[in-house]
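User: Please examine one local part of this model closely, beginning with a loop whose backbone deserves attention. Then relate that part to its wider setting in a single connected account.

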Amino acid sequence: MKDIIIIGASGHAKVVIDILETKGEYRIVGLIDLCRKKGERFFGYEILGNDEHRKDICHQYGIGHLFIAIGDNWLRHQVHQKIISTDKDISFVTAVHPSAVIGRDVIIEYGSVVMAGAVVNSSSRIDRFCIINTAASIDHDCHLKDFASVAPNACLGGNVTIDSHSAISIGATVKQGIHIARHTVVGAGATVLDDLPGEVLCYGTPARVIRKRQIGEKYF
Ligand SMILES: CC(C)(COP(=O)(O)OP(=O)(O)OC[C@H]1O[C@@H](n2cnc3c(N)ncnc32)[C@H](O)[C@@H]1OP(=O)(O)O)[C@@H](O)C(=O)NCCC(=O)NCCS
C-alpha cells in the first residue's frame with residue numbers, strides 16, 4: 001500500500017476518503033486543510049497542518065502521492081497550481097468507487113474521482129481533476145475536460161463535451177451531442193438542449209442563460 005495525504009477536509013473529502021478506504025490501494029496518513037487546526041481529528045484522520053507547510057509535511061512522512069479533495073472546481077485548480085509550482089515530483093491518484101460502472105475504452109485521468117453508483121459509459125474520456133459525483137450518468141463518447149464536474153444524479157447523453165472548470169449541478173440533464181464551454185455552471189435540475197457559451201450561469205427547463213459569471217464565482 002502506498003501512503004497518501006488528502007488535501008481538504010470537507011464533506012467532499014469524506015466521500016473521497018471512503019472510496020480510498022474501500023479500494024484499499026492507499027494508506028491515508030492524514031489531511032492537509034486551510035481552515036482546520038493542526039492536530040484536530042477529521043473523519044478519523046489527523047489534520048497534519050495547512051497548505052503552507054505541505055511540502056515539509058510530505059517530506060516528513062515520505063509522501064509522493066496526494067489527492068485534492070476540494071469540491072469547488074476553481075479552488076481545486078488553484079490548489080493544484082500551488083502544489084505543482086513548489087513540488088514537481090508529487091503524483092496525484094485517481095479514486096473510483098468499486099460500485100461505479102466504467103464502460104469499455106473509458107479513460108479516467110489522474111486526480112479525478114468517480115463516486116458510488118456513477119456510470120461512465122463506453123469510450124468516454126474524463127480528463128484530470130474532474131468530479132463524477134454520486135449516481136451521475138455519463139453516456140458514451142462524452143469528454144469532460146480538466147477540473148470539470150458533474151453533480152449527484154446529473155445525466156449526460158452521449159457525445160457531450162464539458163470544457164474545463166464547468167459544473168453540471170445536481171439532477172441536471174444534458175441532451176446528447178451538446179458542447180458546454182469553459183467555466184459555465186448549469187444549475188440544479190436544468191435541462192440543457194442547446195450548446196452553451198463559456199462563463200455563464202444557466203438553469204431552467206429548457207435551460208436558459210441567466211447571466212455572465214466570473215471565473216471562480218461560488219456555485220454551491
Ligand atoms: C444555479 C445556482 C448556482 C444559482 O445560485 P445563485 O446565483 O446563488 O441563485 P439564488 O439561490 O440566489 O437564486 C436566485 C433566483 O434564481 C432561482 N434559481 C436558482 N437556481 C435555480 C435553478 N437551478 N433552477 C431554477 N431556478 C433557480 C431561485 O429560485 C431564485 O429565484 P427568485 O429570485 O425568484 O427567488 C444554484 O442554484 C445551484 O444550482 N447550485 C449548484 C448546487 C449543486 O449542484 N449542489 C450539489 C453539489 S455536489
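Analyst: Glutamate 199 is found in the loop between β23 (191-192) and β24; strands here are DSSP runs of E with at least two residues, helices are runs of H or I with at least four, and each kind is numbered from the N terminus. The model is predicted, so local features need pLDDT of at least 70 and side-chain atom pairs count only at pLDDT 80 or more, whereas totals for chains, interfaces and linings use all residues. Residues are numbered from 1 along each chain as its sequence is written, and side-chain values use heavy atoms, with hydrogens and water left out.

Glutamate 199 is not a glycine, yet its phi is positive, at about 55 degrees. With a relative accessible area of 29%, this residue is partly exposed; buried means under 20%, exposed over 50%, and partly exposed in between, for a 1.4 Å probe and protein chains only. Most residues other than glycine have a negative phi, and most peptide bonds are trans. Asparagine 153, another non-glycine residue, has a positive phi of about 65 degrees. Asparagine 153 sits in the loop between β16 (149-150) and β17 (155-156), and its relative accessible area of 54% makes it exposed. A cis peptide bond runs from threonine 205 to proline 206, with omega near -5 degrees. Proline 206 belongs to the loop that joins β24 (200-203) to β25 (208-212).

The ligand comes next. Its surroundings, defined by a heavy atom within 4 Å, include Ala151, Pro152, Leu201, Tyr203 and Arg211. Polar contacts are pairs of N or O atoms within 3.5 Å; within protein, one atom must be able to donate a hydrogen and the other to accept it, and residues adjacent in sequence count only if both atoms are side-chain atoms. A polar backbone atom of isoleucine 170 is 2.9 Å from a ligand oxygen, and a backbone N or O atom of alanine 188 lies 2.8 Å from an oxygen atom of the ligand. A ligand nitrogen is 2.8 Å from a polar backbone atom of tyrosine 219.

As for the interior, a nonpolar core is a set of buried Ala, Val, Leu, Ile, Met, Phe, Trp, Tyr and Cys residues joined through side-chain atoms within 4.5 Å. The largest such core has 30 residues, and Ile132, Leu144 and Val150 are among those with the most contacts inside it. A second, separate core of 21 residues includes Tyr26, Leu31, Phe42 and Val113. Beyond four places in sequence, isoleucine 132 touches residues including Val113, Met115, Leu144 and Val150, where contact means heavy atoms within 4.5 Å.

Histidine 12 lies in helix α1 (residues 11-23) and counts as buried at 13% relative accessibility. Its contacts beyond four places in sequence include Ile70, Val113 and Met115. Serine 10 caps the N-terminal end of α1, where a side-chain oxygen lies 3.3 Å from the backbone nitrogen of histidine 12. The buried residues of α1 are His12, Ala13, Val16, Ile17, Ile19 and Leu20. Seen down the axis of α1, these residues fall within an arc of 160 degrees, so they line one face of the helix; the arc is that of the directions from the helix axis to the C-beta atoms. Histidine 80 is placed in helix α3 and is buried, at a relative accessible area of 3%. Phe92, Arg128 and Phe147 are among its contacts beyond four places in sequence.
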